[in-house]
Amino acid sequence: MRLKQQIIGILRWIEKYSKTDMVYLASGGFWLALGKIIFNVSGFLLVIAFANFLPKQVYGTYQYVLSVAGILAIPTLSGMNTAIVRSVARGYEGSLLPALKTQLRWGVLGGIAGLIIAGYYFLNNNIALTTSFLIVAVFVPLMNSFMIYEAFWIGKKRFDIQVKYSAIIRIVSTIALIASLLLTKNLIFIFLIYFASYTTLYFIFLQITIKKIPPNAKQDPSVISYGKHLSLIDIVAGVASQLDKILIWYFLGAESLAIYFFAVSPVQQVRAFFKALRPLTLAKLSQYNNEKSKVTLLKKIVKLFPVIALIIVIYIFLAPYAYQVFFPQYMKSVLYSQLYALSLLSVPQILFIIFLTSQKKTKELYIFYSIFYFTQILLLAILLPLYGMLGAVIALTATQFLNFGILLFLFKKAKIIGL
């Protein structure tokens, strides 16, 4: 107990200089960091397994189907999760079930679209992709809706529970996938294991979460409409985030898509590490109630740049050696990965997005995502056919810097709405 008090005392002393609630950051950040470590380690082991047990052609096809599945998941209203975090953080715990039911109803549209794509490949005599998209059509609406339980615990600031549940899901699903790779190279079987394991586990922990919610909990009357607004914004974002892979599949083929994925994936994992702080920050920023908070947040963002620059330098230097050890068959990915690493300089923009979301700045978010993602789609459509993978990397990197400039402008213009 004495040691705990001493640690708290040190954290409170650091607060004088960081202007940040270090006790909150340390307690919540510990669990989020632990969760991210588990996620990254399991993901790394899975990628190594894919790289060594699946041919490039097969792995490229795997990534193509998952990219299309990401777009088919859009009707499940992913923005509803963010809305639930905000509502629960403000005391409206009973909003979970109405939001879940809305996601399930809308998710049917994604399932129907999956059936249409499966029908297209059936008419073209591609049985492997036909069956793969049938699996996607069945599981995607359910899997993405059941994930909403995470938003409840994040809103409650119970990052320990959220991380424990997510860690179990990630570890069990990773073991199941690696086992499937050892048993077969059949994509249909691999997809069945992937979607069935995640969907089942999400459902189990959703049920556990529901039992912990008081039966007469308060409901936020605006959560459904706000969740739909955020999801509408996510439509363009969802398409743009997967378009590069789909275009590479179309123009360059499955093997090139595998090389491209191994180029951008490590950098995206580094970016995802910073995004892991989003739940912690969103719950906190949702309680901001004065304009001075913006000044403090901007100072924190400025302090991030030297740290990120150092990370970029280290990554560029170590990348060739890391690929040689872990992914020797993907050495063609190294140069593209080093170039894409420069986009990490825009990582602090995540805090701008979280701030606008926490303050319910729907108009500003519409403006930002409309400009950013349409620009990314346009650059990809122009540069990828002309320059191949290099064009795709340049498009993604350029739009990240454009992203930062737009968000900085919107951040300065936005006003705190208070509690």
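**Exercise 1.** In which helix does leucine 187 lie? Work out its surroundings as well.

Before you start: this is a predicted model, where local features need pLDDT of at least 70, side-chain atom pairs count only at pLDDT 80 or more, and totals for chains, interfaces and linings use all residues. Residues are numbered from 1 along each chain as its sequence is written, and side-chain values use heavy atoms, with hydrogens and water left out.

*Solution.* 
- Step 1: leucine 187 sits in helix 9 (residues 187–211); helices are DSSP runs of H or I with at least four residues, numbered from the N terminus.
- Step 2: its relative accessibility is 14%, so leucine 187 is buried (under 20% relative accessible area; exposed is over 50%, partly exposed in between, with a 1.4 Å probe and protein chains only).
- Step 3: neighbours within four places in sequence aside, leucine 187 is in contact with Val58, Thr61 and Tyr62 (heavy atoms within 4.5 Å).
- Step 4: 8.9 Å separates the C-alpha atoms of leucine 187 and leucine 129, which are 58 residues apart along the chain.

**Exercise 2.** Is lysine 157 buried or partly exposed?

*Solution.* 
- Step 1: lysine 157 belongs to the loop between helix 7 (149–155) and helix 8 (159–183).
- Step 2: relative accessibility is 28%, so lysine 157 counts as partly exposed.
- Step 3: lysine 157, not a glycine, has a positive phi of about 60°.

Methods: Helices (H or I, at least four residues) and strands (E, at least two) are DSSP runs, numbered from the N terminus.
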